[in-house]
Amino acid sequence: MMNYRDEIGETLRTARQAAGLSLRDIAAETRIKPVYLQAIEAGQFDRLPALPQTLGFTRAYARHLNVDVDAPLARLGEEVHRNIESADFSAPELPWSQVPLARIGWAVAGALLGMGLLAALLFGFETPRVEPVPVATPPSSPVAAPSVAPAEPVASPAPERSANGSSPVSASMVENLRRFEPASVTPPPVPAPDLFATRSVYLRAAPANEGRELGVLSACEGLTLFGESPNGQWREVGRGDGVRGWVFHRFVVAEPAPACR
C-alpha cells in the first residue's frame, strides 16, 4: 500500500508530466529550486532545507498544478509538527581541542586589532604635520623678443573655371560617382505566423518532455507550423531565426492573445 509521502510525490509527478512541463518550468513559476521539487516527487521530504518549508513548498507545488493533495498533506503536516516539537535545537559547545585552528587564528587577530584601536583612542596618536618651506625664486629679467619682419602674402592661383563660372567636371569623375551610389534593394515579404506562443515554454528536439531543449519560446512569439506528432499532442514549429522544434499543443494558439496585439 502506498504511504502518504509516495502518494503526494506520485500525484504531483503525474500531473506535471500530463501538462508537458519540466521541473525547470515549475521552478521558474514557483521560485522553488528543481532539486527540492525532485525531492518532493520522490517523497524524500527530509532533503528539503527545513521542516517548516516542507509544507510550504509542497502546497505551492500542488496549487500551481491545481492538484488536490490535502488529505496526504495533512498527515505529512502532523509528522512535521511532531518532529519540530521533539527536535533538540541546542548545540553542545566544542572543547578547545576540537576547535579549528583557523577559527582560533581569527579570534586572536580580532583581539589584537581591538587592542590596537583602543590604544590609539586612549593615547591620541597623531601624525605630525610638515609645514612647507618657502623657496625664494630669483627675479626674472625681461628678455626682449626678437623682431620678425612680416612675411609678404603669396597669392595662390585661382582654379580654372568654365565659361558659365562653374568648376569643370570630367566624364570620368561622373562615372566614378555613379559607382558609389547604393543600389535599391527591395526586402522579400515576411510571411505571417501560423501560431503564437501563449507563454514562455521550452522548444524541444523531439515531441516528448525528454526531448533536448533547443531554446525558450517567448510569450506572443510568432511561429511557423510544419506538422504535428502522431498522437496530436505536439506541434512542430519554426522560429524566425530558422530553428525548428516541438512544443506541447496547449502552449500555442492560432490567434494571438489581446495582450500580444
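Reader: Is Ser22 buried or exposed?
Author: In this predicted model, Ser22 has a relative accessible area of 11%. Ser22 is therefore buried, as that value falls under the 20% cut-off.

Reader: Where does Ser22 lie?
Author: Ser22 is found in the loop that runs between helix 1 (4-18) and helix 2.

Reader: And which residues is Ser22 in contact with, leaving aside neighbours within four places in sequence?
Author: Ser22 is then in contact with Arg16, Tyr202 and Arg204.

Reader: On to helix 2, then. Which of its residues are buried?
Author: Helix 2 covers residues 23-30, and Leu23, Asp25, Ile26, Ala27 and Thr30 are buried there.

Reader: What follows helix 2?
Author: Arg31 follows helix 2, with a positive phi near 65 degrees.

Reader: Which residues are buried in helix 3?
Author: Within helix 3, residues 34-41, the buried positions include Tyr36, Leu37, Ala39, Ile40 and Glu41. Helix 3 is followed by Gly43, which has a positive phi near 75 degrees.

Reader: Changing topic: where does Pro230 lie?
Author: Pro230 belongs to the loop connecting strand 4 (222-228) with strand 5 (234-238).

Reader: Why does Pro230 count as exposed?
Author: The relative accessibility of Pro230 is 89%, and the cut-off for exposed is over 50%, so Pro230 qualifies.

Reader: What distance separates the C-alpha atoms of Pro230 and Pro207?
Author: Those C-alpha atoms are separated by 9.5 Å, while Pro230 and Pro207 are 23 residues apart along the chain.

Note on methods. Residues numbered from 1 in each chain as written. Predicted model: local features only at pLDDT ≥ 70, side-chain atom pairs only at ≥ 80, totals over all residues. Heavy atoms only, no water. Helix = DSSP H or I, 4+ residues; strand = E, 2+ residues; numbered from the N terminus. Buried < 20%, exposed > 50% of the residue type's maximum accessible area, 1.4 Å probe, protein only. Contact = heavy atoms within 4.5 Å.
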